[in-house]
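Here are my notes for your first pass through this model. Take them one point at a time, with the structure open beside you.

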Amino acid sequence: MPEPVKAYGDTRDDGMIQLSFTLPVPAGPKGLEAGKLYAAKLGLADIRVACAKPAGARFTFFVVYGRSAVAVDLESLAGVVERPVSMSRTQVDAYLTRHLGRRVVVVGAAVGSDAHTVGIDAVMNMKGYAGDYGLERYDMFDAHNLGAQVAAEDVVRQAQQLHADAILASQVVTQKNIHVMQLTKLVDLIEAEGLRERVLLIAGGPMIDEKLAQELGYDAGFGRGTLPRDVATFIARKLVERRGVDNEA
Ligand code: B12
């Protein structure tokens with residue numbers, strides 16, 4: 001049985017971690033002790049303060065190094081889905097050409113009130129993100145980026161008109177659970193229109209993860225740091241897998 005996992009600083013399992021925080025106390029000897037005490041109450045031992053700098057007149061910013069006894073049991077994460085390594089753009093194009101034999105239609109938007117375009121653009125636009133080209137650049141994707149603040153009804157209408165294989169819904173703002181409401185509205189509409197079995201439904205945004213996406217009835221959720229190739233690979237594999245099932249049926 002695998003050993004529980006602890007943080008690694010200098011030697012394996014030493015539990016050393018570094019964290020930063022700000023306290024509403026002026027920088028100075030009392031502020032420094034307040035920072036150490038705070039770190040101790042968080043459960044750290046062998047505390048060393050690497051930085052205790054004023055952040056304005058009444059606040060102190062701390063960087064603290066210390067030992068944590070906390071360990072994580074990987075066995076408890078058995079239900080978490082590991083995604084296989086993503087294919088490159090050329091590999092995805094070749095895979096789709098070979099196994100699907102047609103272009104994949106994708107419709108994406110920042111849905112509802114969300115005005116943040118950068119995330120959905122990063123995945124879909126030609127230039128892509130972090131050196132990874134977006135879906136528009138793939139030969140085998142027909143990508144339609146509808147932009148931001150697109151009503152769920154319009155996303156569904158476009159998806160129907162274009163016979164979309166996949167819908168990409170971006171949600172960046174999570175205040176008052178607005179993302180949950182907007183993603184739920186979209187999935188409800190798709191189900192009401194009888195489209196759910198026909199489209200892959202993918203949610204994304206910095207606070208979105210696989211667990212939340214699945215709970216809301218989506219096929220996948222992609223969070224911070226997602227590359228276009230991750231999304232392209234998921235869509236390609238899933239569509240080919242579904243086609244295999246259809247052919248067998
Ligand atoms: C730029 C920005 C804006 C710009 C947006 C301009 C634009 N055209 O997009 C403007 C000024 C308009 C703006 C407005 C607001 N913003 Co703003 N904004 C930001 C900021 C600084 C950067 C966001 C960004 O571009 N990130 C870069 C992209 C590449 O990252 P990403 O979105 O995470 O996308 C990646 C992944 O998440 C994923 N992904 C994202 N979407 C999707 C979709 C799919 C399908 C997939 C597969 C993957 C995927 O892939 C991407 C690439 O890896 C963030 C703070 C921050 N540093 O993150 C705040 C932030 C997102 N904004 C915030 C807020 C609160 C607002 C406002 C509500 C402020 C206000 N009170 O008016 C408004 C919202 C207006 C609205 N109706 O939505 C908060 C959100 C807090 C929360 N969780 O609710 C943040 C976090 C700032 C903060 N710390 O408070 N904002």
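1. A term to begin with. A polar contact is a pair of N or O atoms within 3.5 Å; inside the protein, one atom must be able to donate a hydrogen and the other to accept it. Keep in mind that this is a predicted model.

2. Arginine 196. Start with the loop between helix 5 and strand 7, where arginine 196 lies. Its side chain reaches the backbone oxygen of glycine 217 at 3.0 Å. The side chain of arginine 196 also reaches the backbone oxygen of valine 199, again at 3.0 Å. Is arginine 196 buried or exposed? Its relative accessibility is 13%, so arginine 196 counts as buried; the cut-off is under 20%. Leaving aside neighbours within four places in sequence, arginine 196 is in contact with Val187, Ile190, Glu191, Leu201, Gly217, Tyr218 and Asp219.

3. How many residues surround the ligand? There are 28, and the closest are Ala115, His116, Thr117, Ser170 and Thr226. By class, the shell has 13 nonpolar, 13 polar and two charged residues. Helix 3 (118–124), strand 6 (166–170) and strand 7 (200–204) each supply at least two residues of the shell. Helix 3 gives the most, with four residues.

4. Polar atoms at the ligand. An oxygen atom of the ligand is 2.7 Å from a polar backbone atom of threonine 117. An oxygen atom of the ligand also lies 2.7 Å from a backbone N or O atom of threonine 226. With serine 170, the side chain takes part: one of its N or O atoms is 2.7 Å from a nitrogen atom of the ligand.

5. The largest nonpolar core. In soluble globular proteins, nonpolar side chains tend to be buried together. Here the largest nonpolar core has 27 residues, of which Val106, Phe141, Leu168 and Ile235 touch the most other members. Several elements each supply at least two residues of this core, among them helix 2 (89–99), strand 4 (104–110), strand 5 (141–145) and helix 7 (228–248). Which helix gives the most to this core? Helix 7 does, with seven residues.

6. Valine 106 up close. Pick valine 106 and look around it. Leaving aside neighbours within four places in sequence, valine 106 is in contact with Met124, Leu135, Phe141, Asp142, Ala143, His144, Ala166, Leu168 and Ile235.

7. Helix 4. Which residues of helix 4 (152–162) are buried? They are Ala152, Val155, Val156 and Ala159. Seen down the axis of helix 4, these buried residues fall within an arc of 95 degrees, so they line one face of the helix. An α-helix has 3.6 residues a turn, so residues three or four places apart point the same way. What covers the buried residues of helix 4 includes strand 4, strand 6 and helix 5 (178–192). After helix 4 comes histidine 163, whose phi is positive, near 55 degrees.

8. Helix 2. Val92, Asp93 and Leu96 are buried in helix 2. Down the axis of helix 2, the buried residues fall within an arc of 100 degrees, so they line one face of the helix. The face turned away from this buried side carries the exposed residues Thr90 and Arg98. Glycine 101 follows helix 2, and its phi is positive, near 75 degrees.

9. Two loop residues. Aspartate 132 has its place in the loop between helix 3 and strand 5. Aspartate 132 is buried, with a relative accessible area of 7%. Not counting residues up to four places away in sequence, aspartate 132 touches Lys127, Leu227, Pro228 and Arg229. Now find valine 70, in the loop between strand 3 (60–67) and helix 2. Valine 70 is exposed, with a relative accessible area of 59%. From C-alpha to C-alpha, valine 70 and alanine 232 are 37 Å apart in space, and they are 162 residues apart in sequence.

Note on methods. Residues are numbered from 1 along each chain as its sequence is written. This is a predicted model: local features need pLDDT of at least 70, side-chain atom pairs count only at pLDDT 80 or more; totals for chains, interfaces and linings use all residues. Side-chain values use heavy atoms; hydrogens and water are left out. A residue is near a molecule or strand if one of its heavy atoms lies within 4 Å of it. Ala, Val, Leu, Ile, Met, Phe, Trp, Tyr, Cys and Pro count as nonpolar, Asp, Glu, Lys and Arg as charged, and the others, Gly among them, as polar. A nonpolar core is a set of buried Ala, Val, Leu, Ile, Met, Phe, Trp, Tyr and Cys residues joined through side-chain atoms within 4.5 Å. Buried means under 20% relative accessible area, exposed over 50%, partly exposed in between (1.4 Å probe, protein chains only). Contact means heavy atoms within 4.5 Å. The arc is that of the directions from the helix axis to the C-beta atoms.
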